Amino acid sequence: MATKKVEQRVAKLRADLTEYSRLYYLEGVSQVSDAEYDRLFRELEQLEAEHPELQDDASPTKRVGAPLPEGEGFERVEHEVPMLSIDSLFSAEEVADFDERVARYLKVDVEELAWSVEPKFDGVSASLLFVEGRFVRGVTRGDGSVGEDVTSNLRTVRNLPLALSDEARPVPDLVEVRGEVLMRRDAFARLNERRAESGEPILANPRNATSGAVRRNDPAEVARYPLEFFPYAVARCVGAEFDTHTEVMTALSQWGLGDSGLRERVVGREARLAYHARLEERRDTVPYDMDGVVAKIDDLALRERLGRTARSVRWQYAQKFAALEAVSTLRAIEIQVGANGRLTPRAHLEPVEVGGVVVRHATLHNADHVRTLGVHPGDRVFVYRAGDVIPQVEGVSKPASGRAPADWDATLPESLRDADGNVRPGVIARWREEFAMPENCPACGTAAVQEGKFRRCPNRFGCPPQLVGRLEVLCGRTAFDIDRLGPKLIQQLIDADLVHSPADVFHLRRDDLVELERWGAKSADNLMAQLEERRRVPFDRFLVALAIDDVGPTTAKLLARHFHDLDGLRRAELDDFLDIDGVGEKAAAKVTAWFAEPRNVALLERFAEGGVEIRPLEARATGGPFEGRTVVVTGTLEGFSRAEAKNAVEHLGGKVASSVSAKTDFLVCGEKPGSKLKKAQELGVAVLDEAAFTALVRGTA
């Protein structure tokens with residue numbers, strides 16, 4: 001057993017190393033040399049090895065964990081609070097329009113509202129869970145509803161505390177922190193230098209390097225990457241109360257989480273626009289990549305009143321910076337067929353670097369956009385990355401003139417040619433050839449139909465790109481989650497004439513699979529076992545698998561909860577969608593039109609014949625004690641976790657809010673309530689202790 005002296009030495013080493021790291025990574029101060037830090041670190045490692053009873057997951061030596069077993073992926077975790085998107089704005093006029101919507105809804109003078117403004121860093125979003133001050137789980141954003149558990153990798157991030165500091169402010173029982181994992185540009189450059197010296201491939205840019213690092217299987221490898229974490233929000237908190245976002249961010253800094261020092265609290269639109277202009281001017285001097293500014297209403301109660309849509313909240317926006325730009329030669333325009341049948345022109349470019357990324361293709365949106373740009377093969381064109389991410393052609397820098405170079409056709413990419421070497425149908429590739437959308441689908445030859453600005457192939461399952469796309473949706477994580485069928489295997493099944501619609505996946509036979517190239521008995525057995533396991537699917541995931549336009553995971557869950565089963569949704573008319581908060585008229589029209597098509601009805605029957613069983617979501621109770629009521633929970637409940645209390649309220653017809661306002665009907669009050677109790681009493685909101693809440697939930701009140 002360790003002596004008292006050893007225990008004290010271990011405690012001091014941990015405290016000193018944690019403080020040295022905090023000063024270095026958060027304040028840029030080096031109190032000890034690298035050699036001295038390494039000596040102390042090794043001493044702590046040795047003492048912990050000699051005295052296993054002193055092991056502590058929050059020790060600085062525990063930042064690097066064991067690698068994942070060979071072949072295993074990350075565990076998927078459902079976010080208790082979805083990680084929603086941010087609406088992107090690109091001009092002062094769009095900011096003014098946003099303000100008008102806020103003013104209309106809140107009936108306040110927006111010019112008097114306080115806002116928190118901060119950089120929109122170009123990194124990887126993550127959600128960190130601290131319980132009793134200790135970092136216990138880190139999850140990627142994923143699709144916003146479900147992410148991947150990358151806790152071991154995030155523990156290697158040097159400015160991320162493994163235990164929160166309680167020196168300046170008490171640490172809450174639970175806090176879920178949202179933020180961005182990223183990398184300084186100069187640290188990224190040094191990383192690439194080391195990789196070049198050791199013969200490793202050069203990484204394209206800090207964002208891609210960060211994304212790749214976060215999802216590596218070996219934390220020891222992740223530790224080589226100079227990752228940092230900056231928080232931007234708190235999704236859940238038990239044991240601390242806040243009235244403003246500024247208070248939240250101050251608390252996070254006091255608890256030891258990183259602060260870029262660039263966030264400000266401003267009042268009014270002009271102050272927000274001025275901050276955007278200042279930060280854009282500093283774009284090259286700020287050491288981190290950023291693509292805009294995020295503005296958030298500071299008052300948390302006002303945020304609650306504004307609420308959210310299915311994909312984003314209504315109280316914040318991102319105003320993007322001007323996109324980075326380069327010039328390249330347009331080689332050809334190819335018509336691509338998407339999973340929904342939409343025909344979209346895409347530019348094939350001479351490879352050019354734009355903002356650290358080599359761009360070879362760029363979207364051209366639709367036929368009107370191409371004609372407005374007036375681009376032709378051979379033109380020198382401006383290429384930029386919208387939001388510094390999606391490559392687009394902005395205009396013509398220099399029109400092609402004179403005769404085409406002798407090698408023009410010979411140097412066209414092979415991807416534009418058929419098996420005989422001829423340019424494929426639907427490709428505009430000749431020198432200065434005039435652009436025109438094809439009358440027929442270039443993938444299957446079916447006559448295309450015009451839908452507004454777009455042209456679409458109606459041959460949903462007979463068109464190879466559409467069938468591949470729809471099968472990828474069906475096999476995706478938010479649908480049937482059949483991870484043994486990737487894009488290449490899906491294409492192989494189509495080429496082998498084994499699937500003609502998404503439902504055919506559940507009619508595959510083992511004997512047919514083993515005859516395919518690269519398929520053995522074990523591979524076939526594994527797929528058949530997974531298909532058998534996945535045949536029983538929740539209603540919302542089944543709706544995602546149908547690939548109905550405008551119906552993603554969030555909308556699918558809203559529909560599944562409202563209509564309960566497939567028959568209810570099939571019988572629904574447009575008026576039946578009016579009461580579903582978060583489902584717009586456009587999505588409702590797409591859903592009703594989809595179920596009206598005979599071939600889609602046949603598809604549903606094909607699923608049923610394949611043994612697919614749709615599991616209904618648990619229906620909400622009607623006429624319950626919380627029907628149509630807004631409930632806020634504060635303090636710690638003995639008989640319910642926060643998630644369980646929320647589910648109970650929603651099941652009984654209520655809505656759970658995060659802050660008390662005049663619209664709150666009940667405050668459920670547990671042990672150690674915060675400022676919400678005082679505010680509820682001031683507003684005359686009914687307060688329920690845990691016993692009263694339990695009685696209502698169990699129907700004994």
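Start with helix 19 and select residues 585-596. Its buried residues (under 20% relative accessible area, 1.4 Å probe, protein chains only) pack against helix 17 (553-563), helix 18 (566-570) and helix 20 (598-609). Contact here means heavy atoms within 4.5 Å. This is a predicted model, in which local features need pLDDT of at least 70, side-chain atom pairs count only at pLDDT 80 or more, and totals for chains, interfaces and linings use all residues. Residues are numbered from 1 along each chain as its sequence is written, and side-chain values use heavy atoms, with hydrogens and water left out.

Now show the side chains of Ala587, Ala588, Val591, Trp594 and Phe595, the buried residues of helix 19. They lie on the same side of helix 19, because they cover an arc of only 130 degrees around the axis. That arc is taken from the directions from the helix axis to the C-beta atoms.

Turn to the opposite face. Glu585, Lys586 and Ala596 are exposed there, meaning over 50% relative accessible area.

Next, the sheet. Four strands form an open sheet in the order 23-22-24-25, with parallel pairing. Strands are DSSP runs of E, at least two residues; helices are runs of H or I, at least four. Strands pair if DSSP finds at least two bridges between them. Strand 23 (655-657) and strand 25 (686-689) are the edges.

Zoom in on strand 24 (residues 666-669), joined to strand 25 by four bridges. Pick Val668: its bridge partner in strand 25 is Leu688.

Finish with helix 23 (residues 690-698). Helix 23 lies across strand 24 and strand 25.

Methods
The expected span of a helix is 1.5 Å times one less than its number of residues. Axes are lines fitted to C-alpha atoms, for helices over the stretch in contact, and angles run from 0 to 180 degrees between N-to-C directions.
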